[in-house]
Amino acid sequence: MTKYKSKYEIFREKIKIILYGTNTILGRMFDLVLLGLILLSVLLVMLDTVEGINHKYHHQLLICEWIITVFFTIEYILRIIAIQKPIKYVFSFYGIIDLMAILPMYLSIFFPATNVLTIVRILRFFRLFKILHIPQISHQSYQLKEALQASKEKILVFIYFVIISAIIIGALMYVVEGKESGFTSIPVSIYWSIVTLTTVGYGDISPITPLGQFLASLVMIMGYGIIAVPTGIVTAEFAKASFRNNSVNGKRTCSQCNAQLHFDNAKYCYQCGKTLPSN
């Protein structure tokens, strides 16, 4: 017996096909229009910050921005209505980005300066990967995500080390250089050490004593390590993920720790070192 569908259920199905059906003609057309509006919205925000354009066309730009915001708001509501588990979408990665895309304009009613934050709509361009359906891009993005997750503990430890180093270096420079060289307080000295460690070097504060210049030289040399270490960590994990995911016999499972995605010719588990079952 055929189940009767109400008009509301039919409406939900049609909306779902358009909003989530990236493999359908209507879905692809909608996504392309959506990406075009996102790009237009970001362009409008940037133009509105140009003094000459803002003076002449601020009202018109604001109207266009509100029209796009209303469109995005309706789209956000329809996305919630169209799926069976709306809470899952609301708290998902794309759901949070979609909400962030519309909030700044509504906040600008009370805090006018916040309308500039609508530029975060550029984050919605992540949907481009879903629309294009390029396997290589999806595969590489998965490997990058896996590499970042695997290296997050090491990076956190490294950041902790950098923070401690910045505090110690800042305190030393405050003692060595003093207020005469611009190191008026330990927080200011820590600011200098962070700027120097990250190799930015604004030049607004600089040591003048020989000892201070020697310490600054050491800090600048350390700065190259600051760049190299996290890059090396992520690169190593990315290489591991790439090798594991490209393995021909990727489903071999370790009996000790249940780790998968081993090399096809691997003899030992990369996770715990236990001998793997033969092919």
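Residues are numbered from 1 along each chain as its sequence is written. Because the model is predicted, local features need pLDDT of at least 70 and side-chain atom pairs count only at pLDDT 80 or more, while totals for chains, interfaces and linings use all residues; side-chain values use heavy atoms, with hydrogens and water left out.

The protein chain has 9 helices and 0 strands, where helices (H or I, at least four residues) and strands (E, at least two) are DSSP runs numbered from the N terminus. Of its 279 residues, 32% count as buried, that is, under 20% relative accessible area, with exposed meaning over 50% and partly exposed in between (1.4 Å probe, protein chains only). Among contacts (heavy atoms within 4.5 Å) between residues at least 6 apart in sequence, 54% join residues at least 24 apart.

The unreviewed UniProt entry annotates residues 20-47, 59-78, 90-110, 155-176, 182-202 and 214-236 as "transmembrane region"; the positions are in the numbering used here, feature names are shortened, and such annotations may be inferred rather than shown by experiment. Over residues 90-110 the chain is 76% helix and 0% strand, with the end C-alpha atoms 24 Å apart. Over residues 214-236 the corresponding values are 100% helix, 0% strand and 33 Å.

Glu75 lies in helix H3 (residues 51-82) and is buried, with a relative accessible area of 3%. The Glu75 side chain makes polar contacts with the side chains of Arg79 (2.6 Å) and Arg124 (2.7 Å). A polar contact is a pair of N or O atoms within 3.5 Å; within protein, one must be able to donate a hydrogen and the other to accept it, and residues adjacent in sequence count only if both atoms are side-chain atoms. Leaving aside neighbours within four places in sequence, Glu75 is in contact with Leu19, Phe30, Leu34 and Arg124. The charged end of Arg124 also sits over the ring of Phe72, 5.0 Å from its centre (CZ of Arg or NZ of Lys within 6 Å of the ring centre and within 35 degrees of the ring normal).

The whole structure holds 6 aromatic pairs, defined for rings of Phe, Tyr and Trp (its six-membered ring) with centres within 6.5 Å; planes under 30 degrees apart count as stacked, over 60 as edge-to-face and the rest as tilted. Phe93 and Tyr94 form an edge-to-face pair, at 5.3 Å centre to centre and 75° between the planes. The pair of Phe183 and Trp192 is edge-to-face because the ring centres are 5.5 Å apart and the planes are at 70°; both residues are buried. Ring pairs also link Phe30, Phe71 and Phe72 into a cluster.
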